[in-house]
Amino acid sequence: MKTDFDVLIVGGGLVGLTAALACAQAGFKIGVIDIAEPSDQLADTHDGRASAIATASFRMMRALGVADALVEGEDSHAGPIHKILVSDGQAGKAPSPLNLFFDSAQISEANDGEPLGYMVENRRMRHALHKQTKKVKNITWIAPVRVASFEAGADKVSIRFEDGKVLSANLLVAADGRNSFIRKLAGIGVSSWPCHQKAIVTTVEHELPHEGIAHELFLPSGPFAILPLTGNRASIVWTETPRAADAAMALDDAQFSAELARRFGNFLGKVWPIAPRWSYLLSFQHAKSYTGERLVLIGDAAHAIHPIAGQGFNMGLRDAAALAEILVQARAEGRDIGSDLNLDLFEDWRKFDNTLLTHACDVFNRLFSNDVGPLKHARRLGLGLVDKLAPVRGFFMREASGQIGDLPPLLRGEAYREDRV
Ligand SMILES: Cc1cc2nc3c(=O)[nH]c(=O)nc-3n(C[C@H](O)[C@H](O)[C@H](O)COP(=O)(O)OP(=O)(O)OC[C@H]3O[C@@H](n4cnc5c(N)ncnc54)[C@H](O)[C@@H]3O)c2cc1C
């Protein structure tokens, strides 16, 4: 049966575009559908966050040509994370001496001498992804449009838009974010629970160099992260109860800077905000199934987690890499890419890993976002203990750099070359 596309991806966000590039590189004809005007998504006002991209995820970005698209002139917009310092404390006081320190030098062999990951501002990543998708001839943008419905049949899936137009494909991919319309149309439910927290995000400049060290300070109301961007800049993710976060958002610039300084201490010298503040209500959400008839969910449409470990986008990238590989294998074996068998393979590959990480992040957040005496002592001891046990520390470092588990070829840095296309 002839269809308009092999794969239609609804959602041209960070995950949807990466999936489009991965599947297109593997030789499939892709349509990317988005409700938003692409130029609006590229505006600096669209998203003030930055993402920690694990080493394995960054290898995938290299294999897809996105890392090159992040380079402007001599400079790349990806700031290496060489070290991570995790500590427990209270605003205005020195952190506990029992902390956890990860240094990329300690796993340099397993990591091929690479850093633990890279910090990239989402706006830069989005620009790089858009630039790269424009270069690839088997990707077609279909935006802005509104999907009205879709219908899956024995040999194709058809999407109907609000203007009456219809497009068909062998497989539909929902990458339309945590409120996925496609997931709802498919009747796939979610397990969800609130975090009772909001994350305030901004970018600061500081006097002294950060030396590629990411700091995660666990304060009673939630984690406060200082994440090294290129230059003397850092992305801040400051987690608070919703009331305290709303109050912090309402502070004037001088008061806000003073509150930041109380949490930073003085190790980076003077610190001042250089970007607007953003706030995100945090919750956990996990789709009950990642598949439907000729349908796969990826990225936040399938799983949305707390940013405590900087893993949400990385999980979506792993979904995208696994999806491309499953489609390649199906084609090689003469199977229909949208068949139940194929989709079950995707669910088996990704659901266990994502379930584990979703719950680990939830437990971590509950354990660290409180000031209960015995818990406080236990977690400080725990941090100190993991720091002292080299194999355990090594495991956490490899996990942070995305090296654990059954990695699809793209995450090992292997691009799809002609012999597999
Ligand atoms: C404060 C914070 C910090 C974070 N830090 C990190 C980090 O350091 N590292 C990390 O790995 N992750 C991090 N994350 C998580 C990460 O940002 C998300 O997991 C990621 O952005 C999800 O991307 P996505 O493409 O799946 O969804 P989205 O970015 O939500 O994209 C969805 C796309 O679908 C489109 N869309 C929506 N509805 C429709 C529709 N009906 N029809 C068509 N198109 C539609 C939208 O326009 C958009 O383009 C963080 C999250 C937060 C809140």
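Hi everyone, and thanks for coming. Please keep in mind that what you see here is a predicted model. Let's start with the overall picture. The protein has 421 residues, and 46% of them count as buried. They are arranged with 12 helices and 22 strands. If you take the contacts between residues at least 6 apart in sequence, 75% of those join residues at least 24 apart.

Now, on to the ligand. How many residues surround the ligand? The answer is 33, and the closest are G11, G13, G177, G299 and G312. By class, this shell has 16 nonpolar, 13 polar and 4 charged residues. Several elements supply at least two shell residues each: helix 1 (14-25), strand 3 (50-54), strand 14 (190-206) and helix 9 (312-332). Which helix gives the most to the shell? That would be helix 9, with 4 residues.

Is helix 1 enclosed or open? Well, 12 of its 12 residues are buried, so helix 1 is largely enclosed by the rest of the structure. Among those buried residues are L14, V15, G16 and L17, and the list runs on to A24 and Q25.

Just after helix 1, have a look at G27, which takes a positive phi of about 100 degrees.

Notes: Residues numbered from 1 in each chain as written. Predicted model: local features only at pLDDT ≥ 70, side-chain atom pairs only at ≥ 80, totals over all residues. Buried ≥ 20, exposed ≤ 12 C-beta atoms within 10 Å, placed from the backbone. Contact = placed C-beta atoms within 7 Å. Near = placed C-beta within 6 Å. Nonpolar A, V, L, I, M, F, W, Y, C, P; charged D, E, K, R; others polar.
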